Amino acid sequence: MVAMATIYDVAERAGVSPATVSRVLNGRSTVDGELVARVQKAVQELEYRPNAVARNLRRSRTTLWAVIISDVGNPFFTSLVRGVEDVAQRAGYSVVLCNTDEDIAKEGRYVSAALEEQMAGVIISVAGRSANVTRLIEAGTPVVAIDREIAGVQVDTVLVDNAHGAELATTHLLDSGYQRVACITGPRKVSTAAQRLKGYQRALRARGIAARDALVRYSDYREEGGYEAMASLLGEADPPDAVFVANNLMTVGAVECLVDRGIAIPAETGVVGFDDIPWAHLVRPSLTTVAQPTYELGRTAAMLLAERLAEPTRAPSTVTLHTQLKVRESSTRSAERPRQ
């Protein structure tokens, strides 16, 4: 049997997006005349025949929301997804959780699934570039970006004040008497990593301290990456006496490295992590953290998605939530005992 041409085959032949083909086939007047001609020519050449049943199904979306996150193993996302689900359930929607492992290709496959299943909307913490989100936008699927900004696209977005939180953390370490404060941040192309590094650098400048590349490490937001970054910092000729770590899992790795090296926290090295950890107050020394309102992040994103579904043409909005520095024992070495 000869396979029937699909809308994606037509789009490839015409050199346009599937969304453009759909608009042409549905008689939309917003498509450029030249593109219309290319689509019509491709339809004729491929003998494409739209399936009336399928078209009717496509016009009515499901009651499912996809929540696409970058690391299901990170406790940060647990409360966030709960916030999404609580709002979704009240609005009559169910949530499908998708984990990308910071893999752009895997993210792309989940985006394809969301499109194929005609999900009503998508909440996404992007793994990298905007191409996958652009596909959703072109298909007319409502999108809300959460936790991370997406360059080059205009969508509803929910963030936290990353730079301010990092600045608070670094300033606190300086106030505690530490002099060589390092930073372990995330991947270079991830907005949260860049913003937290910016806040760290801003705190140093405010005290007249030059930011040193030797005291900055980029890692992968994973525990192993935090361990390796901390070990690398300790290998410097002039190692840090404190470290600000830009997410919770890397903080665990950094602390593990310090413990393995027999370095006392906070007497020899102070530690502040970004993202609160459920057991941060139980370990000894207890862990100073920058706490994010994770449940509120999810709840706000879900509310924006529900509003977008009710009012598709309203202008996109960005909501920025506040962080809070929770000072505990890991960062409170006395200023009278500076490290030599």
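Predicted model: local features only at pLDDT ≥ 70, side-chain atom pairs only at ≥ 80, totals over all residues.
Reader: How many helices and strands does the protein chain have?

Author: Helices (H or I, at least four residues) and strands (E, at least two) are DSSP runs, numbered from the N terminus. The protein chain has 12 helices and 12 strands. Its C-alpha atoms fill a box of roughly 80 × 40 × 40 Å, taken along the principal axes.

Reader: What percentage of the residues is buried?

Author: Buried means under 20% relative accessible area, exposed over 50%, and partly exposed in between (1.4 Å probe, protein chains only). Of the 340 residues in the protein chain, 49% are buried. Take the contacts with a separation of 6 or more: 71% of them are between residues 24 or more positions apart.

Reader: Which strands pair with E6?

Author: Two strands pair if DSSP finds at least two bridges between them. E6 runs parallel to strand E8 (residues 242–245), with 4 bridges. There, Val 181 stands opposite Ala 242. E6 also pairs with strand E7 (residues 216–218), in the parallel sense, over 3 bridges. Ile 184 has Arg 217 of E7 as its bridge partner.

Reader: What handedness does the unit of E6, H9 and E7 have?

Author: A crossover is right-handed if, with the strands pointing away from the viewer, the path from the first strand over the helix to the second runs clockwise. E6, H9 and E7 make a right-handed β-α-β unit.

Reader: Which residues does Leu 197 touch?

Author: Leu 197 lies in helix H9. Leu 197 is buried, at 8% relative accessible area. Leaving out residues up to four places away in sequence, Leu 197 touches Cys 183, Thr 185, Val 216 and Tyr 218. Leu 197 and Asn 162 are 35 residues apart in sequence and 9.0 Å apart in space, C-alpha to C-alpha.

Reader: How many cavities does a search of the whole structure find?

Author: Rolling a probe the size of a water molecule over the atoms shows where empty space is left. On a 1 Å grid over the protein atoms alone, a cavity is a set of points where a 1.4 Å probe fits but cannot get out; a pocket is an open set with protein on both sides within 12 Å along at least five of seven lines; lining residues have an atom within 4 Å of a point. Grid points are joined across faces, edges and corners, and a volume is the space filled by probe spheres set on the points. The search finds 1 cavity of 30 Å³ or more. The largest cavity holds about 120 Å³ of space. Its lining has 14 residues, and the closest to its centre are Asn 74, Asp 147, Arg 148, Tyr 221 and Asn 247. Helix H5 (75–90) and helix H9 (191–206) each supply at least two lining residues.

Reader: How do the residues of that lining divide by class?

Author: Ala, Val, Leu, Ile, Met, Phe, Trp, Tyr, Cys and Pro count as nonpolar, Asp, Glu, Lys and Arg as charged, and the others, Gly among them, as polar. The lining of the largest cavity has 3 nonpolar, 5 polar and 6 charged residues.

Reader: Which residues are closest to the centre of the second largest pocket?

Author: About 210 Å³ of space lies in that pocket. Of its 13 lining residues, Val 255, Ile 265, Val 283, Pro 285 and Leu 287 are the closest to the centre. Helix H11 (residues 248–260) gives the most to this lining, with 5 residues. By class, the lining has 9 nonpolar, 2 polar and 2 charged residues.

Reader: What is the phi of Asp 101?

Author: Asp 101 has a positive phi of about 55 degrees, although it is not a glycine. Asp 101 is partly exposed, at 35% relative accessibility.

Methods. Residues numbered from 1 in each chain as written. Heavy atoms only, no water. Contact = heavy atoms within 4.5 Å.
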